[in-house]
Amino acid sequence: MARSGMRIDPSARAHVDAAINDWLEHAIGPAILGDARNFVPKRSGRLADSLRAEVHDKVLRVGSLDCNYATDVEMGTAPHVILPRNKKALHWPGADHPVARVNHPGTHAQPYLRPALFQRRTA
């Protein structure tokens, strides 16, 4: 079988990779981030304000970098025990008295990232 005289430009891969990164950074990333900010439950606004989108090597990451309860909101939590870290007891405004532990019933999931990701989008 004869070889064709067709050659692929060696820089083609770099051009395609750059185009993918550009598409993720300027089209898809902002769209998913915007939807996530719209879907996130807003009590204080801290979680919505913490959401970011970043692209590195054709990988888009959308989420919170510094909000320690972001995953708990998205996925919910199972029932768990809350114990004091630095004191002997827990106390909060409105509590009748300090307590040594709290049996937290858990929280239901309030997905905001997954619905944002699964929105139908056109290229």
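Trainee: Which residues does aspartate 35 touch, leaving out those up to four places away in sequence?

Mentor: Aspartate 35 touches Ala116, Gln119 and Arg121, where contact means heavy atoms within 4.5 Å. This is a predicted model, so local features need pLDDT of at least 70 and side-chain atom pairs count only at pLDDT 80 or more, while totals for chains, interfaces and linings use all residues. Residues are numbered from 1 along each chain as its sequence is written, and side-chain values use heavy atoms, with hydrogens and water left out.

Trainee: Where does aspartate 35 lie, and is it buried or exposed?

Mentor: Aspartate 35 lies in helix α1. Its relative accessibility is 18%, so aspartate 35 counts as buried. Buried means under 20% relative accessible area, exposed over 50%, and partly exposed in between, with a 1.4 Å probe and protein chains only.

Trainee: Which other residues of α1 are buried?

Mentor: Besides Asp35, the buried ones in α1 are Leu24, Ile28, Gly29, Ile32, Leu33 and Ala36. An α-helix has 3.6 residues a turn, so residues three or four places apart point the same way.

Trainee: What covers them?

Mentor: The cover for the buried residues of α1 includes β1, β2 and α4 (113–117). Helices (H or I, at least four residues) and strands (E, at least two) are DSSP runs, numbered from the N terminus.

Trainee: New topic: how do β1 and β2 pair?

Mentor: Strand β1 (residues 51–56) and strand β2 (residues 59–64) pair in the antiparallel sense over 6 bridges. Two strands pair if DSSP finds at least two bridges between them. Histidine 56 stands opposite valine 59 in β2. The two strands form a hairpin with 2 residues between them, and aspartate 57 in the turn has a positive phi of about 50°.

Trainee: How many helices and strands are there in the protein?

Mentor: The protein has 4 helices and 4 strands. Its radius of gyration is 23 Å, well over the 14 Å that the globule rule gives for 123 residues, so the protein is more spread out than a compact globule. That radius is taken over C-alpha atoms, and the globule rule is 2.2 Å times the number of residues to the power 0.38.
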